[in-house]
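I opened a new notebook page for this protein. My plan is to start with the whole and then look up a few places one by one.

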Amino acid sequence: MSFALGCPQLPRLADCPPKAWRLHLLRREGLAVPAGVVLAHADVTAWIRGEPPPPGIKDLCAGGTVIVRQALACEDGATRSGAGLGLSVAGCDGTAAVLQALHRLRSHLADPQLRDYFPGNPARAWAVLVQREVARRWLVAATDTPDSGRYIEVHGPGTDPLSGGATPAFTGPLDAWEDGARIALSRLLDGLEARLTQRPLFARRHGTDAEVIIDPEGRAWLVQARPVVRPLLPGWATFAKASGRDRDDSPPMPGLWQLDAEHNPAPLSPAHAWLMAEVARTRPNAGGPKVLAGWLYVRTLPRDLVGSGSARSAANVLRSLYRIYLPDARRGLELCVNEARIRGKPGLAVSLQAAFTLFLAMIDVYLQHIVPTRHHHTGVAGDTDNPLTLRERERFADVLPLTWDLASAPLADVLLMPGPGTTAGIPTSNPTSNPTSNPTLPADEANAAALLAEWDDHLFALGLAPLRRVYLLAAEWIGLDPAHVFFLTGPELVAFAASDPRTADTWRQRIDTRRNAWTDAAKLSPPRRIYDGRPVPPTPGGALAGIPIGPPAIGPVHVARGLGEFASDPPAAGAVLCIPALTAQAAMLLSRTEVAAICTEYGGALSHATLMARELGLSALIGCRGCTSLDDGEIVRVDTRMGRLLRRTTVVA
């Protein structure tokens, strides 16, 4: 039986599709749902066969343009949504146009997508919504979940931007949307939340999805309300518990925080986490690093830092970096290690402080000179004949770590490069301390800035190296496995060295506990963004999509969890390397392989991985979420035209 939306009549849920039933109920209870009529499929069939239009249709059409929407019995349920699979026909002007739309909707019931998605017969107990069409300034898809709060995607005018996959004008937390309609939208969602809370039949365990039209006057109209049928961020509960974010007394995290997975695609060692906490305390303009469950978050990504100094000529700063800052940092490293050896175990606290002072001096050079200058010069494509990503790397391979962590081995270790002798992983001499090369530095600003963005990694590596070397010396003095010493913070390391030998087992138990915690942290799924302490869902584009570079490529997947695994188990020629992230250090490793393409979980248009792929002539998808979850050997196509990683078949051994 057909009825008007919001009328006193309350149909049984079993007799009315959930989409129509919810909108009817919500309009009846005072929410801003556009006026409309619900047509039962029997009445639709009768009208199509030549009978008069059902009651209310003529009056509705007389009031202006309407939209005709499909409503299926199996749609918008507690376990299956089917969002976007139903057909809507907008812009219907008059009953003849509505009747024509009904013919299209009935034909759409035979669509194989519906039969593939919904079990049984999707044509069973279907209905049609005919509603007043609201003029649209914005179409907002809003998700309200217990974990992430209110998250929205905002689309401008268009035929059907949601099902069409259009790029939204805004994506993020509702509170961050800087539009005057935000207040009206918030009030509408408040009203929706209040009514859903009172009605268990709405089955919204994981939250609610809503579609809202903002009209030209800024008013908000609810046109869809459905339950979220799966957790929006299935790994958040575990991550929140591991990081302490599930407690009411957890410290506040105001504003937006981003996972710095481009540089740290794995949990930090406790030693490096301690170092990042010290950076946040002593250098508040360095991006505000914060470690949650071992993962590094920042307020501002390193490439977006503005710095504390004023912009200078990029060519002049590059010249200063090469001729002053890098040689000074190299000499500081050698002096720090030599003096630490002389002081020995009793002077560990002094040596650690000296190394930390060198690290902060590097941070200051970075923030005061390099960042302000580099910030104003971006977008250089690179140099394929003489790649920026490879210049001078070998001279710094003894300090460039595989990952930006004190615990990380340097490139020289995995590349088996000829070099100085070592003691407990500590170079005893350094033939690269006095440069033998004298490269021609670019004079034009754009290329100088691009090379500056590459060589600042050498400076950062030299800033980290004194702390790593002192840690390794301490491990030698204490009798610890060099890999285990980085499970202690700096103060703990000093305390261990000064403690009674009889307490050594207690310290080792603490290390074992942290090693297990680090292993568990590596299994977590950290959200890429956190806003006001809540996770932000992934940005649009979906899984297995990324920034495309180069021509299309096809090959078998080779998954590497990091550069260490990449170096120890290199991919075969023609493989598609899938890896969490590629920092600048990866250029030397990639240049020694013959992969067909690379796909990274993390990275952006200005990341090292992007420049690296262009210069080395590789096909790539940067920021391709989900690529490291594929199986080794699976054949994939890197579609760089559409920016998609397409799964094909699996190689049979």
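**Ground rules.** I take helices (H or I, at least four residues) and strands (E, at least two) as DSSP runs, numbered from the N terminus. By that count, the protein has 18 helices and 24 strands. The model is predicted, so I note that local features need pLDDT of at least 70, that side-chain atom pairs count only at pLDDT 80 or more, and that totals for chains, interfaces and linings use all residues. Residues are numbered from 1 along each chain as its sequence is written, and side-chain values use heavy atoms, with hydrogens and water left out.

**The whole protein.** I looked up burial. Buried means under 20% relative accessible area, exposed means over 50%, and partly exposed lies in between (1.4 Å probe, protein chains only). Of the 653 residues, 53% are buried. Next came the surface. Accessible areas come from the Shrake-Rupley method with a 1.4 Å probe, and for residues only the protein chains shown count as cover. The accessible surface comes to about 28,500 Å². Carbon and sulfur atoms hold 52% of that surface. Then I turned to contacts, meaning heavy atoms within 4.5 Å. Among contacts between residues at least 6 apart in sequence, 67% join residues at least 24 apart.

**Strand 2.** How many residues of strand 2 are buried? I found that five of its five residues are, across residues 36-40. Gly 36, Val 38 and Ala 40 are buried on one side, and Val 37 and Leu 39 on the other. Both faces are therefore covered, by the under-20% cut-off.

I then checked its partners. Two strands pair if DSSP finds at least two bridges between them. Strand 1 (residues 3-4) runs antiparallel to strand 2 and is joined to it by two bridges. Phe 3 has Val 38 as its bridge partner. Strand 5 (residues 127-132) also pairs with strand 2 in the antiparallel sense, over five bridges. There, Ala 40 is the bridge partner of Ala 127.

**Helix 2 and helix 4.** I moved on to helix 2 (residues 41-48). Its buried residues are Val 44, Thr 45, Ala 46, Trp 47 and Ile 48. Their cover includes strand 2, helix 3 (57-62), helix 4 and strand 5.

For the packing, axes are lines fitted to C-alpha atoms, for helices over the stretch in contact, and angles run from 0 to 180 degrees between N-to-C directions. Helix 2 packs on helix 4 (residues 95-108) at about 115°, with the axes 10 Å apart. That makes the two helices roughly perpendicular. My scale: under 35 degrees is roughly parallel, over 145 roughly antiparallel, 65 to 115 roughly perpendicular, and the rest oblique.

Which residues of helix 2 meet helix 4? I listed Val 44, Thr 45, Trp 47 and Ile 48. On helix 4 they meet Thr 95, Val 98, Leu 99, Leu 102, His 103 and Arg 106. Just after helix 2, Gly 50 takes a positive phi of about 120°.

Five strands form an open sheet in the order 8-7-6-9-10, with antiparallel pairing. Strand 8 (170-173) and strand 10 (220-227) stand at the edges, each with a single partner strand, so one side of each has no neighbour in the sheet. The twist averages 15° from one strand to the next. Four bridges join strand 7 (residues 149-155) to strand 8. Ile 152 stands opposite Gly 172 in strand 8.

**Ser 186.** Is Ser 186 buried or exposed? It is buried, with a relative accessible area of 16%. I placed Ser 186 in helix 7 (residues 182-197). Leaving aside neighbours within four places in sequence, Ser 186 is in contact with Arg 150 and Leu 174.

**Helix 11 and helix 14.** The axes of helix 11 (residues 348-374) and helix 14 (residues 490-498) come within 9 Å and cross at roughly 160°. The two helices are therefore roughly antiparallel. Leu 348, Ala 349 and Leu 352 of helix 11 make the contact with Gly 490, Leu 493, Val 494 and Ala 497 of helix 14.

**Ser 408.** My last stop was the loop between helix 11 and helix 12 (411-415), where Ser 408 lies. Ser 408 is buried, with a relative accessible area of 8%. Setting aside neighbours within four places in sequence, Ser 408 touches Pro 401, Leu 402, Thr 403 and Arg 468. Ser 408 and Phe 486 are 78 residues apart in sequence and 9.4 Å apart in space, C-alpha to C-alpha.
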